[in-house]
Amino acid sequence: MSLSTGSSPSSRRNTFRNDSFIDEKDVIDSITSTEMGYLSLIVLGASGDLAKKKTFPALFNLFRQGFLKSDEVHIFGYARTKLSDDDLRERIRGYLSKGSSSEDSEILSDFLKHIKYVSGGYDSAEGFLSLNKEISEHELAKNSYGSSRRLFYLALPPSVYPSVCKMIKSYCMNQAVPTGWTRIVVEKPFGKDLASAEELSAQLGELFDEPQLYRIDHYLGKELVQNLLVLRFANRFFLPLWNRDNIDNIQIVFREDFGTEGRGGYFDEYGIIRDIIQNHLLQVLCLVAMEKPVSLRPEHIRDEKVKVLQSVLPINNNEVVLGQYEGYKDDPTVSKDSNTPTFATIVLWIHNERWEGVPFIMKAGKALSSKKAEIRVQFKDVPGDIFRCKKQGRNEFVIRLQPKEAMYMKLTVKKPGLDMSTIQSELDLSYGQRYQDVAIPEAYERLILDTIRGDQQHFVRRDELRAAWEIFTPLLHDIDDGKKKPVPYKPGSRGPHEADELAAKTGYVQTHGYIWIPPTL
């Protein structure tokens, strides 16, 4: 059977997908066309902390590096606060100019000129009509009304997502056809449990198609997280090792050395599991545990992540340790009888051929002895230990996500000298030393650029969100109902000692006498 279309192979290639032929040249042309045309970036909640600390700095860095062209973009801030254009510009200027050179100062001035502010309520038709009027006038002035693009970034609490999205759908949609688009970026938390997440997904799903929705989890934009697929599937020596035959346990850890500090009221409503583990750390788990995707298409990658989540067994409450640091309830915005955990260690088990019997130890906490986020893959003991070095520790592959990005392999080597004795050392790739001339982009920069390009690979899909909440909702309800209580721990400690006991019980062997020291330049 011939599959030829009559075109030369060099000019056109056809692929078979979903029982139909797709012309790849047309696909590429289509993708390219969606990146062309006047771009309006609308930051809703423009006067808030998230916008000034994360969103606007990310936009400025993209502008400074040329990813946002001066003659192709305009930025609109929208919030309830009564501000002028200059008021907003001055409010965010200090967050954009840190460490700037004189050349950057000129670029900053140019960037700020591209910002327009509109004040209005989040359920106000009048406010969104005014916003649409401003956007449309800029699009017409650029003579690109037929190929314009609109990106709405909701730097807002989830409680107002439904009303804001209804206003966008009713009054601010891009009317450009066929190349124009409207996309919506929403921040976590996406609900508080399965029911609330499903309700929110249904409300947004009634207004926008899934390709228009970008549920942002900034951890997926971190450099070392994005490196996970490359590490696993582009390096031959990892392929036979990455399974239950060789790996004893995997820890995914998030530690902060400070408490809630001004976020007590917000944090007390959510807790460490909703704030960190159910989203950030679970996304990392998916990338560590997933099978190789068919291709690098976003949907193929997200399909494999969903399969991992669907394979996670129900959480055993006996494999959960919760903690709350002493002094947490001294915050006047925190309830005096709060049962909210500021620390959690949870053991997850994946029921599939690759990972059966391997514990994934998820650990996150505030007010601890150090600040770091890392993945720690601990391998099994060497059989037939002829060097009697078992007590020195196991081989580990550690990926330091933050701070001081690095990856290193802990291994046993001969100690230099005349004696045949062994010592633990490491093979080290520290990014600050190896890539001295490379500025590692902030996660928000990368993810906003992905949104503009229409790449949803690093964003959470609706079925993925549902599967994640299915794992944690029963435990969260037990905590909310007071059935599972946190134990106190001292600020500046490792957390509750019960957490270390649980990790040891599930197989983790702590290395004593070895400390990884980041290399200096």
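What is the volume of the largest cavity? The largest cavity has a volume of about 80 Å³. The model is predicted.

## Overall make-up

The protein chain has 521 residues, and buried residues make up 52% of them. Its secondary structure comprises 15 helices and 18 strands.

Contacts across the sequence also matter to the picture. Take those with a separation of 6 or more: residues 24 or more positions apart account for 75% of them.

## The largest cavity

Two cavities of 30 Å³ or more are present in the structure. The largest cavity is lined by F190, Q278, N279, L282, Q283, V460, E464, L465 and A468. Two elements give two or more residues to this lining: α10 (264-289) and α14 (462-480). Of the elements, α10 gives the most, with four residues.

What is the division of the lining into nonpolar, polar and charged residues? The lining of the largest cavity has five nonpolar residues, three polar and one charged.

## The second largest cavity

The second largest cavity has a volume of about 30 Å³. Its lining consists of L41, I42, V43, L59, L151 and Y153. Here the elements that give two or more residues are strands β3 (39-44) and β6 (149-154). The largest share, three residues, comes from β3.

By class, this lining has six nonpolar residues.

## Helices α2 and α3

Two packed helices are described by the angle between their axes and the distance between the axes. For helix α2 (residues 49-64) and helix α3 (residues 85-96), the axes come within 9 Å and cross at roughly 80°. Angles of 65 to 115 degrees count as roughly perpendicular, so α2 is roughly perpendicular to α3.

Which residues meet where α2 and α3 are in contact? From α2 come K52, K53, F56, P57 and F60. From α3 come L88, I92, Y95 and L96. The residues of this contact divide into seven nonpolar, no polar and two charged.

## Summary

The largest cavity, about 80 Å³, draws on α10 and α14 for two or more lining residues each. The second largest cavity, about 30 Å³, draws on β3 and β6 in that way. Helices α2 and α3 cross at roughly 80°, and their contact includes two charged residues.

Terms used:
Residues are numbered from 1 along each chain as its sequence is written. This is a predicted model: local features need pLDDT of at least 70, side-chain atom pairs count only at pLDDT 80 or more; totals for chains, interfaces and linings use all residues. Side-chain values use heavy atoms; hydrogens and water are left out. On a 1 Å grid over the protein atoms alone, a cavity is a set of points where a 1.4 Å probe fits but cannot get out, and a pocket is an open set with protein on both sides within 12 Å along at least five of seven lines; lining residues have an atom within 4 Å of a point. Grid points are joined across faces, edges and corners, and a volume is the space filled by probe spheres set on the points. Ala, Val, Leu, Ile, Met, Phe, Trp, Tyr, Cys and Pro count as nonpolar, Asp, Glu, Lys and Arg as charged, and the others, Gly among them, as polar. Axes are lines fitted to C-alpha atoms, for helices over the stretch in contact, and angles run from 0 to 180 degrees between N-to-C directions. Angles under 35 degrees count as roughly parallel, over 145 as roughly antiparallel, 65 to 115 as roughly perpendicular and the rest as oblique. Contact means heavy atoms within 4.5 Å. Buried means under 20% relative accessible area, exposed over 50%, partly exposed in between (1.4 Å probe, protein chains only).
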